[in-house]
Amino acid sequence: MAEKGMAKGRCQCGKIHIEIGVPARWAWHDHSGKSRHAHGAAYATYVGSWRSRFRIAKGATAITRYTDDAGDVRGFCSHCGTPVSYERKHSPQMVNLPRALFESGTGREPLYHVSLEDSPEWAYRGEKLKPLKGYPGVLWTGAKRRKKSGLEALFDC
């Protein structure tokens, strides 16, 4: 792959470097339980690449793989634990990569949401946020108002 027309990514510790041709095939937010557990986050954002446009530029031997019951394979850095790939059994020509690994653009914006119905109730839903006094850079939704009981609502206590 030529230097121009590709996006470079890496794991947290830098032992693994990956490259994809740009533009990526697609990008999406995955709210499924499988991705939530693999990433330890409310959802994972992926870019999909044709396998022929993907390469491991450094550290292939540092990748450890996990195959789930469905035959899907996830690759992780064996040193720092960063998720580096997600290969679905029914799409052998594609490799999906966490978008967060790439510092530069991948040529696709994540416009799609997969398995949104699996999203946990604690995930951020776009509520209005305000600064938390005394904690620069921290935003919060504010205190939750408790619902009034039937009698309190009736008498506006």
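## Contacts and overall form

Of the contacts in the protein (heavy atoms within 4.5 Å) between residues at least 6 apart in sequence, 56% join residues at least 24 apart. The model is a predicted one, in which local features need pLDDT of at least 70 and side-chain atom pairs count only at pLDDT 80 or more, whereas totals for chains, interfaces and linings use all residues. Residues are numbered from 1 along each chain as its sequence is written, and side-chain values use heavy atoms, with hydrogens and water left out.

The protein contains two helices and twelve strands, defined as DSSP runs numbered from the N terminus (helices: H or I, at least four residues; strands: E, at least two). The order of these elements from the N terminus is β-β-β-α-β-β-β-β-β-β-β-β-β-α. The radius of gyration is 20 Å, well over the 15 Å that the globule rule gives for 157 residues, so the protein is more spread out than a compact globule. This radius is taken over C-alpha atoms, and the rule is 2.2 Å times the number of residues to the power 0.38. Along the principal axes, the C-alpha atoms fill a box of roughly 70 × 40 × 30 Å.

## Surface and charge

Buried residues (under 20% relative accessible area, with a 1.4 Å probe and protein chains only) account for 35% of the 157 residues. The protein exposes about 10500 Å², of which carbon and sulfur atoms supply 54%; the areas come from the Shrake-Rupley method with a 1.4 Å probe, and for residues only the protein chains shown count as cover.

There are 26 positive and 15 negative side chains, and the centres of the two sets lie 5 Å apart. Lys and Arg count as positive and Asp and Glu as negative, without His and the chain ends; each charge is placed at NZ of Lys, CZ of Arg, CG of Asp or CD of Glu.

Serine 35 belongs to helix 1 (residues 33-39) and is buried, with a relative accessible area of 0%. Beyond its neighbours within four places in sequence, serine 35 contacts Asp30, Ala44, Tyr46, Arg74 and Tyr86.

The whole structure holds three aromatic pairs. Rings of Phe, Tyr and Trp (its six-membered ring) pair if their centres lie within 6.5 Å; planes under 30 degrees apart count as stacked, over 60 as edge-to-face and the rest as tilted. The ring centres of tyrosine 46 and tyrosine 86 are 5.4 Å apart and their planes stand at 40 degrees, so this pair is tilted. Tyrosine 46 lies in strand 4 (residues 44-50) and tyrosine 86 in strand 8 (residues 83-87), so the pair ties together parts 40 residues apart in sequence. Both tyrosines are buried. Ring pairs link Tyr46 and Tyr86 with Trp26 and Trp28 into a cluster.

Note on methods:
Buried means under 20% relative accessible area, exposed over 50%, partly exposed in between (1.4 Å probe, protein chains only).
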